[in-house]
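Colleague: I'm new to this one and would like a guided tour. Could you walk me through the features one at a time?

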Amino acid sequence: MTKVTVASSEKILQLGIAFWGSKTLLSAVELGIFTQLAANGPMTLADMRERAGLHERGARDFLDALVALGMLDRLPDGRYANTVETDRYLDRAKPSYVGGLLEMANVRLYPSWARLTDALRTGGPQSECRNDEPGLFEALYADPEQLELFLGAMTGLSLPTARAMATAFPWRDCRSFADIGCAQGGLTAEIARAHPHLSGIGFDLPPVAPVFERYAARHGLGERLRFQSGDFFKDPLPRADVIVMGNILHDWDLDEKRMLVAKAYDALPSGGALVVYDAMIDDDRRENAFGLLMSLNMLIETPGGFDYTGADCRSWMEEAGFRDVSVQHLQGPYSMAVGRR
């Protein structure tokens, strides 16, 4: 007897309304739910309503939805508590906080992604630079509040990868490194903390300087990390044994990508290394959904940016003169390409 397989619509429907769950998490971060629980311990529904300013109508469903999504625990006595993961990564008071990315997703990316169809039809960005408004980075860097939000988001995005890179790259052979487009300095600080013999340079536009310096000081690294102001399109890159470009190349079009790789080659000493990391798309373009979605995010955010495969990056680096170029997985959807000058 032939077994008949009945197709199910479950996967389709779950994906189609996945934004329900993501927006619930984003609102919880915005409301400080996880930070409140970390500071005060498990709380009752009434306590949570008062602390977070929640209306009676939706509060219980909201908190129980977070339980069902695995973002909160509910104890036998009914009190709500963080999970191990949300206590570590979504408490704003902890250095391991990665919620900056979620804060930016809530304020900026969520509204912009509502216009994805327009982006696919026009090829034009849907962020601050749509309708001939200033470019994404010009708009962000001109607004201190938006800049702080963006820089915190970059820290949230880079910390897990920085920790993986701290062990995956042979830092013992180097004395100095420069993080290009360093943002707050999350990666810079993580590498320096893991390798006390290293000194690091954070390279970014001038408005970033006080944010970077506060971050380095807060982590006790002010003496080993310094900030260098500059525009990587106009100015030479810092001199160091290793140059890191993380979540940078995907912001720009193909010619700009090639130009930045070539500038890194010119700045490095003989034997120095360029490390490029991004959510590199797998070469068959079938598996790294995050990398492909990040590329769509670049469509929405920038005039010409796109994500790329490891093979793409290897070809740009070899074209610039780098030798022994290799691509290595780091963590999650992230990989790094390493080339020697």
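Colleague: Let me start with one side chain: is F232 buried or exposed?

Modeller: A word on the ground rules before that. This is a predicted model, so local features need pLDDT of at least 70 and side-chain atom pairs count only at pLDDT 80 or more, while totals for chains, interfaces and linings use all residues. Residues are numbered from 1 along each chain as its sequence is written, and side-chain values use heavy atoms, with hydrogens and water left out. As for burial, the idea is relative accessible area: under 20% is buried, over 50% is exposed, and in between is partly exposed (1.4 Å probe, protein chains only). F232 has a relative accessible area of 12%, so it is buried.

Colleague: Which ring pairs with F232, and in what geometry?

Modeller: Rings of Phe, Tyr and Trp (its six-membered ring) pair if their centres lie within 6.5 Å; planes under 30 degrees apart are stacked, over 60 edge-to-face, and the rest tilted. There are 10 aromatic pairs in the structure. In one of them, the ring centres of F232 and W252 are 6.1 Å apart and the planes stand at 90°, so this pair is edge-to-face. W252 is buried too, at 17% relative accessibility.

Colleague: Where along the chain do F232 and W252 sit?

Modeller: For that you need the element names: helices (H or I, at least four residues) and strands (E, at least two) are DSSP runs, numbered from the N terminus. F232 is in the loop between β5 and β6 (242–246), and W252 is in the loop between β6 and α13, so the pair ties together parts 20 residues apart in sequence.

Colleague: And what kind of pair do F290 and Y334 make?

Modeller: A tilted one, with 6.0 Å from centre to centre and 55° between the planes. This pair also links distant parts of the chain, since F290 belongs to helix α14 (residues 289–301) and Y334 to strand β9, 44 residues apart. Elsewhere, F169, W171 and F177 form one aromatic cluster.

Colleague: Which lysine lies over the face of F306?

Modeller: A charge sits over a ring if NZ of Lys or CZ of Arg is within 6 Å of the ring centre and within 35 degrees of the ring normal. K257 does this for F306, at 3.7 Å from the ring centre. K23 lies over the face of Y110 at 5.7 Å.

Colleague: On to the sheet. In what order do its strands come?

Modeller: Two strands pair if DSSP finds at least two bridges between them. Here the order is β5-β4-β3-β6-β7-β9-β8, an open sheet of 7 strands with mixed pairing. The edges are β5 (225–229) and β8 (323–331), each pairing on one side only.

Colleague: Which strands does helix α15 lie across?

Modeller: For angles, axes are lines fitted to C-alpha atoms, for helices over the stretch in contact, and the angle runs from 0 to 180 degrees between N-to-C directions. Helix α15 (residues 310–320) lies across β7 (273–278), β8 and β9 (334–340), at about 150° to β8.

Colleague: Which residues of α15 are buried?

Modeller: G310, C313, W316 and M317. They cover an arc of only 130° around the axis, which puts them on the same side of α15; the arc is that of the directions from the helix axis to the C-beta atoms. These buried residues pack against α13 (254–267), β7, β8 and β9, where contact means heavy atoms within 4.5 Å. Just after α15, G321 takes a positive phi of about 115°.
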